[in-house]
Every structure is written in structure tokens, then in C-alpha cells.
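Student: I have a model open and would like to learn how to read it. Could we go through it feature by feature?

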Amino acid sequence: MILSLLTLPLRFVAFALWFAWQIVRSTGAVLADVVTPGVGATPRVVRMPLGDASDSHVAWISILITLTPGTLTIGAAENDGGGRSILVHSLYHRDAEGAITDLADMDRRMMESVRIGGAA
């Protein structure tokens with residue numbers, strides 16, 4: 001517990017640097033699509049399951065997704081079987097599974113960086 005608490009600032013800084021790199025990469029993809037002929041976008045809407053996420057968890061991951069160029073959170077919903085999910089519009093993922101995998105990775109990294117005990 002003490003070690004986890006002591007590493008919290010380092011984990012948060014590591015996540016912030018990783019997220020900044022994701023913004024740079026995404027901006028590059030959008031810029032490349034804008035300045036080259038043709039359309040490289042493969043727009044799609046995916047439902048990302050979040051389990052029993054709290055309101056603050058849903059808000060923070062939605063904000064991070066929307067801040068990343070090429071993605072936009074368009075809503076949150078309660079699942080039929082319980083739990084929550086968010087709807088995300090993605091421009092540059094080739095398939096829905098790839099989009100959900102990348103978004104879930106961002107969610108996992110965010111949770112590891114802010115939880116006292118790391119990811120649950």
C-alpha cells in the first residue's frame with residue numbers, strides 16, 4: 001500500500017507522457033489525411049464496455065477519448081445486463097475490435113495511473 005502510494009506521482013506522469021504521445025500520433029494521422037489526396041478515414045461508432053464504472057470514471061475516460069484527435073465520445077449508456085458503456089466515434093481504426101482494444105488500453109492505463117492500488 002505504501003509503495004503504491006509513493007509510486008502514484010510517477011505513474012501519473014508516465015500516463016501523461018504516454019497520452020501526450022497519443023495526441024501527437026493522432027494529430028499526425030489527421031494531418032496526413034488532410035494533406036494527402038483521397039480519404040484515409042474509416043469512420044465507425046463502437047460501444048466500449050466499462051463494467052461497473054463510476055460517474056467520474058466514465059467522465060474522465062470520455063474526456064480523454066474526446067481530447068484525442070480522430071475520436072469523439074458521443075454518449076454513455078447503461079447496458080442491459082448491468083454495467084456501463086460509452087459510444088465512441090473513431091475515424092482511423094480499421095475495425096471495431098481494434099478500436100475497442102485501443103480504447104480499453106487507454107482506460108487501463110488511466111486507471112493504473114490514478115488508483116492507489118493500480119488497476120483493479
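This is a predicted model: local features need pLDDT of at least 70, side-chain atom pairs count only at pLDDT 80 or more; totals for chains, interfaces and linings use all residues.

Student: How many bridges join S2 to S3, and do they run parallel or antiparallel?

Tutor: A pairing is read from its bridges. S2 and S3 are joined by 7 bridges and run antiparallel. Look next at the hairpin of S2 and S3. It has 5 residues between the strands, and glycine 82 there takes a positive phi near 100°.

Student: In what order do the strands lie in the sheet?

Tutor: The order is S1-S3-S2, in an open sheet of 3 strands with antiparallel pairing. The edge strands are S1 and S2 (71–78), and each of them pairs on one side only. From one strand to the next, the twist averages 25°.

Student: What about S1 and S3: over how many bridges do they pair?

Tutor: S1 and S3 pair over 7 bridges, in the antiparallel sense. Here you can pick out methionine 48, which stands opposite isoleucine 86 in S3.

Student: Which strands does H2 touch?

Tutor: For a helix on a sheet, ask what it touches and how it is angled. H2 packs on the sheet and touches S1, S2 and S3. Its direction makes about 160° with that of S2. H3 lies across S1 and S3. It runs at about 40° to S1.

Student: How should I think about a nonpolar core, and which residues have the most contacts inside this one?

Tutor: The general idea comes first. In soluble globular proteins, nonpolar side chains tend to be buried together. In this model, the largest nonpolar core has 18 residues. Those with the most contacts inside it are Met48, Leu50, Ile61, Ile65, Ile86 and Met106.

Student: Which elements give two or more residues to this core?

Tutor: They are H1, strand S1 (44–51), H2, strand S3 (84–90) and helix H3 (96–114). H3 supplies the largest share of this core, with 5 residues.

Student: Take isoleucine 86. What is it in contact with, leaving aside its neighbours within four places in sequence?

Tutor: The list includes Val46, Arg47, Met48 and Leu50. It also includes Val58, Ile61, Ser62 and Ile65. Thr73, Gly75 and Ala76 are in contact with isoleucine 86 as well.

Student: Ser62 is on that list. Is serine 62 buried or exposed?

Tutor: Check the relative accessibility. Serine 62 is at 13%, so it counts as buried, the cut-off being under 20%. Serine 62 sits in helix H2. Its side chain reaches the backbone oxygen of valine 58 at 2.7 Å. Setting aside neighbours within four places in sequence, serine 62 is in contact with Thr73 and Ile86.

Student: Why does histidine 57 count as buried?

Tutor: The same test applies. Histidine 57 counts as buried because its relative accessibility is 12%. Its place is in helix H2 (residues 55–67).

Student: With which side chain does histidine 57 make a polar contact?

Tutor: Look for the partner atom and the distance. The side chain of histidine 57 makes a polar contact with that of aspartate 107, at 2.5 Å. Leaving aside neighbours within four places in sequence, histidine 57 is in contact with Leu50, Asp107, Met110 and Met111.

Student: Now the rings. How many aromatic pairs are there?

Tutor: Aromatic pairs are judged by ring centres and plane angles. The count comes to 2 aromatic pairs. Phenylalanine 15 and phenylalanine 19 form one that is stacked, with 6.1 Å centre to centre and 20° between the planes. Both lie in helix H1 (residues 2–35), 4 residues apart, about one turn of the helix. Phenylalanine 15 counts as buried at 9% relative accessibility. Phenylalanine 19 is also at 9% and counts as buried.

Student: Which residues form the aromatic cluster?

Tutor: Phe15, Trp18 and Phe19 form one aromatic cluster. Tryptophan 18 lies in helix H1. At 17% relative accessibility, tryptophan 18 counts as buried.

Student: What does tryptophan 18 contact beyond its neighbours within four places in sequence?

Tutor: Tryptophan 18 is in contact with Asp105, Met106 and Arg109. Tryptophan 18 and isoleucine 100 are 82 residues apart along the chain, and their C-alpha atoms are separated by 18 Å.

Definitions and conventions:
Residues are numbered from 1 along each chain as its sequence is written. Side-chain values use heavy atoms; hydrogens and water are left out. Buried means under 20% relative accessible area, exposed over 50%, partly exposed in between (1.4 Å probe, protein chains only). A polar contact is a pair of N or O atoms within 3.5 Å; within protein, one must be able to donate a hydrogen and the other to accept it, and residues adjacent in sequence count only if both atoms are side-chain atoms. Contact means heavy atoms within 4.5 Å. Rings of Phe, Tyr and Trp (its six-membered ring) pair if their centres lie within 6.5 Å; planes under 30 degrees apart count as stacked, over 60 as edge-to-face and the rest as tilted. A nonpolar core is a set of buried Ala, Val, Leu, Ile, Met, Phe, Trp, Tyr and Cys residues joined through side-chain atoms within 4.5 Å. Two strands pair if DSSP finds at least two bridges between them. Axes are lines fitted to C-alpha atoms, for helices over the stretch in contact, and angles run from 0 to 180 degrees between N-to-C directions.
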